[in-house]
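Colleague: I should like to go through this model step by step. May I put some questions to you about its helices and a few of its residues?

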Amino acid sequence: MLEPPLVKVAIVGGGVMGCTSALVLAGRGADVVVLERAIPGAEASSAAAGILGAQVELHGSAEDAALFVRARDGWKAWADALRDATGIDIGYRLTGVLRVARSETEHAEVAREAAWQAGLGLRAPLLDAAAARQIEPELAGDVVAAVHFPDDTQVDPPALLRALMASLARSARITVRSGITVQRLIVERERCVGVAIDEGALHADAVLLAAGSWSSLVLGVPASLPVVRPVRGQMVLLEERPPRVCSIVFGAGAYVVPRGDGRVLCGSTMEHAGYRKEVTAAGVHAILGGALACVPSLGGAQLAGTWSNFRPHVEGRSALVGASPLPGLFLATGHHRNGILLSKLTADAVADAVLA
Ligand SMILES: Cc1cc2nc3c(=O)[nH]c(=O)nc-3n(C[C@H](O)[C@H](O)[C@H](O)COP(=O)(O)OP(=O)(O)OC[C@H]3O[C@@H](n4cnc5c(N)ncnc54)[C@H](O)[C@@H]3O)c2cc1C
């Protein structure tokens with residue numbers, strides 16, 4: 001027989017944040033319901049490239065370095081745990097990332113990045129063109145240098161979401177309700193005590209807001225919280241036969257992510273386009289232009305698909321995680337470009353806050 005639950009948690013949103021938080025909370029004894037208005041995982045979380053880019057995504061922020069690196073370094077164990085629980089391989093592959101330079105200005109930038117990260121104690125060697133080509137022979141002839149992040153890695157987000165869903169289904173403490181839109185938070189005596197859905201009130205001891213780019217649209221969210229806005233990212237999927245590219249390559253304006261089986265994801269735009277999910281001619285042009293400039297042999301690959309989705313972005317913040325100004329309401333949203341990377345660490349922090 002199950003122990004009585006410590007707390008009942010209602011989670012708004014079934015993306016990587018909601019699903020991972022549900023698993024961690026249930027693993028620590030909470031009773032959880034995930035409320036997803038459509039299909040769990042079908043928005044940003046499955047659209048992502050899956051780069052666990054702790055170092056390539058730092059962009060000069062020493063503040064983020066420890067958190068990002070800790071998040072990345074926990075992924076091997078998390079991938080193993082999900083595979084052991086479900087039999088699903090989430091595509092964790094230590095491919096490393098090369099940020100390449102194709103001009104003297106870019107050379108100076110990657111040299112600065114390499115020196116700065118080395119100063120933080122991170123592995124980020126600056127490579128000349130020959131050394132970079134040893135790691136990735138498909139690099140363009142005009143690549144003059146690269147900074148190498150050998151410890152940055154990747155997972156395959158659709159496989160990750162399948163594994164999360166399979167784990168959720170195995171837990172007696174978790175209910176996933178698809179097709180349920182949370183209309184508003186229920187607030188009584190200045191405390192969030194549940195959510196309103198079509199069929200009425202659903203009461204809970206704690207509510208976790210994990211609605212991605214739609215988080216600020218849920219009525220009742222405190223006005224004092226920073227607004228989460230969508231930043232559209234378009235993606236292009238290529239298929240190489242046989243597979244040739246082996247490292248993740250970042251160039252100016254585009255990146256290339258080989259899955260190892262011939263699939264190569266190319267991304268991505270950063271657009272303030274509201275909630276318009278179009279894949280545009282200009283977007284695909286920019287992505288393929290940037291990708292082929294770094295890896296010209298991809299010009300012969302088959303175009304296998306395109307899609308777009310919305311990164312949840314909060315101006316000036318890397319995410320909103322943990323307790324909120326409204327008692328009873330907790331947050332796991334606003335992770336922008338690094339939501340896959342940070343999902344497990346976020347879920348751990350949320351569980352600490354909810355169960356404190
Ligand atoms: C093109 C692209 C590439 C990316 N690449 C990477 C990458 O390489 N590495 C990385 O770490 N991150 C990457 N990201 C970012 C990452 O995908 C996101 O930060 C992360 O998926 C956000 O997860 P989430 O659960 O907050 O949001 P989502 O996955 O969008 O989930 C939110 C869910 O909430 C549901 N919802 C919304 N409102 C309601 C409501 N009122 N009631 C019920 N349900 C609701 C939605 O239907 C949705 O399923 C990328 C994103 C994009 C778009």
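Colleague: What should helix H7 span at 1.5 Å a residue, and how far apart are its end C-alpha atoms?

Modeller: Please bear in mind that this is a predicted model. Helix H7 covers residues 157–170, which makes 14 residues. The expected span is 1.5 Å times one less than the number of residues, so H7 should span 20 Å. This agrees with the separation of its end C-alpha atoms, which is 20 Å.

Colleague: Which elements are included in what covers the buried residues of H7?

Modeller: The buried residues of H7 are Pro157, Ala159, Leu160, Leu161, Ala163, Leu164, Ala166, Ser167 and Leu168. Their cover includes strand E8 (174–178). It also includes helices H1 (16–27), H2 (44–47), H4 (75–86) and H9 (339–354).

Colleague: How are H4 and H7 oriented to each other: parallel, antiparallel, perpendicular or oblique?

Modeller: The axes of H4 and H7 are 9 Å apart and form an angle of about 55°. Angles under 35 degrees count as roughly parallel, and those from 65 to 115 as roughly perpendicular. The two helices, H4 and H7, are therefore oblique.

Colleague: Is the crossing of H4 and H7 left-handed or right-handed, and which residues of H7 make the contact?

Modeller: The crossing of H4 and H7 is left-handed. On the H4 side, the contact is made by Trp75, Trp78, Leu82, Ala85 and Thr86. By class, the contact has eight nonpolar, two polar and one charged residues. On the H7 side, the residues are Leu160, Ala163, Leu164, Ala166, Ser167 and Arg170.

Colleague: Is Ser167 buried or exposed, and what is its relative accessible area?

Modeller: Ser167 lies in helix H7. Leaving aside neighbours within four places in sequence, Ser167 is in contact with Leu23, Leu82, Ala85 and Thr86. Buried means under 20% relative accessible area. Ser167 is therefore buried, with a value of 10%.

Colleague: How far apart are the C-alpha atoms of Val100 and Ala146?

Modeller: Val100 is found in strand E4 (residues 97–101) and is buried, with a relative accessible area of 4%. Beyond its neighbours within four places in sequence, its contacts include Ala146, Val249 and Cys294. Val100 and Ala146 are 46 residues apart along the chain, and their C-alpha atoms are separated by 4.2 Å.

Colleague: Is Ile135 buried, partly exposed or exposed?

Modeller: Ile135 is found in helix H6 (residues 129–135). Its relative accessibility is 27%, and the class between 20% and 50% is the one in question. Ile135 therefore counts as partly exposed.

Key
Residues numbered from 1 in each chain as written. Predicted model: local features only at pLDDT ≥ 70, side-chain atom pairs only at ≥ 80, totals over all residues. Heavy atoms only, no water. Helix = DSSP H or I, 4+ residues; strand = E, 2+ residues; numbered from the N terminus. Buried < 20%, exposed > 50% of the residue type's maximum accessible area, 1.4 Å probe, protein only. Contact = heavy atoms within 4.5 Å. Axes fitted to C-alpha atoms, helices over the stretch in contact; angles between N-to-C directions. Parallel < 35°, antiparallel > 145°, perpendicular 65-115°, else oblique. Left-handed = near helix turned anticlockwise from the far one by under 90°. Nonpolar A, V, L, I, M, F, W, Y, C, P; charged D, E, K, R; others polar.
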